[in-house]
Amino acid sequence: MGKLTVLILWFWIQPIFNLEVQVPNLKDRTFNAKVIRIMDGDTMEVLYQKTPVKIRLAHIDCPEKRRSQPFGNNAKIALSNLCFGQQVTVYGENYDRYHRLIAVVANHKKQIVNQEMLKQGMAWHFRKYSKNQLYAQLEAEARKSKIGLWKDPNPVAPWEWRKPQKRSFPAKS
């Protein structure tokens, strides 16, 4: 093959190998998108301008689905009921270490999904990353009313659940 043929083939084949999707920087941006996937109670994926974007709900932390935490699956179902398949408004705030957009999301009923998860007792206010007192108040009200996960006599916060379990080993003799 001649050099020209190889060059033409290279430019024809290269896009097949360069499939990395360019995700726009959505920090501090407000946009509309369709919810296409619910990963767990506080993480979803939306389709924005034909590009999938992972969203981590700001201000809240939900029970872990992956590690079989009580109410983990319930939280995923609650989030799905609030917004799956809908056009939502996303208020992007920042990105986390996993490159997910931290955001507040409003559904088609104009409900703030992040707040609704607290009202339904499906989340904790994530005080480590949020000082917003409305979220603290919503959690306190759900606790007092024993709604959702607050029915459990000893609910474990997700950040505690994620900590590695300390294993006790028998003493050597």
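Trainee: Is Tyr129 buried, partly exposed or exposed?

Mentor: The terms rest on relative accessible area: buried means under 20%, exposed over 50%, and partly exposed in between, with a 1.4 Å probe and protein chains only. Tyr129 has a relative accessible area of 60% and is therefore exposed. Please keep in mind that this is a predicted model, in which local features need pLDDT of at least 70 and side-chain atom pairs count only at pLDDT 80 or more, while totals for chains, interfaces and linings use all residues. Residues are numbered from 1 along each chain as its sequence is written, and side-chain values use heavy atoms, with hydrogens and water left out.

Trainee: How is a pair of aromatic rings described?

Mentor: Such a pair is described by the distance of the centres and the angle of the planes. Rings of Phe, Tyr and Trp (its six-membered ring) pair if their centres lie within 6.5 Å; planes under 30 degrees apart count as stacked, over 60 as edge-to-face and the rest as tilted. By this rule the count is five aromatic pairs. In one of them, the ring centres of Phe126 and Tyr129 are 4.9 Å apart and the planes stand at 80 degrees, so this pair is edge-to-face. The rings of Phe126 and Trp159 have centres 5.4 Å apart and planes at 10 degrees, so they are stacked.

Trainee: Which parts of the chain does the pair of Phe126 and Trp159 tie together?

Mentor: Helices (H or I, at least four residues) and strands (E, at least two) are DSSP runs, numbered from the N terminus. Phe126 lies in the loop between β7 (124-125) and α4, and Trp159 in helix α5, so the pair ties together parts 33 residues apart in sequence. Phe126 is buried at 10% relative accessibility, whereas Trp159 is partly exposed at 30%. Trp124, Phe126, Tyr129, Trp150 and Trp159 form one aromatic cluster.

Trainee: How many salt bridges does a search of the whole structure find?

Mentor: Side chains of opposite charge can pair when their charged atoms come close. The criterion for a salt bridge is a side-chain nitrogen of Lys or Arg within 4 Å of a carboxyl oxygen of Asp or Glu. The search finds 10 of them. One of these joins the side chains of Asp61 and Arg162, at 2.7 Å from N to O. That pair links distant parts of the chain, 101 residues apart: Asp61 is in strand β4 (residues 60-61) and Arg162 in the segment after α5 (158-161). Asp61 is buried at 0% relative accessibility, while Arg162 is partly exposed at 29%. Both belong to a network of salt bridges that links Asp42, Arg56, Asp61, Glu64 and Arg162.

Trainee: Where do Arg143 and Glu139 lie?

Mentor: An α-helix has 3.6 residues a turn, so residues three or four places apart point the same way. Arg143 and Glu139 both lie in helix α4 (residues 133-145), four residues apart, about one turn of the helix. Their side chains meet in a salt bridge of 2.8 Å, N to O. Glu139 is buried at 2% relative accessibility; Arg143 is partly exposed at 40%.

Trainee: Which residues of α2 are buried?

Mentor: In α2 the buried residues are Gly72, Ala75, Ala78, Leu79, Leu82 and Cys83. They cover an arc of only 120 degrees around the axis (taken from the directions from the helix axis to the C-beta atoms), which puts them on the same side of α2.
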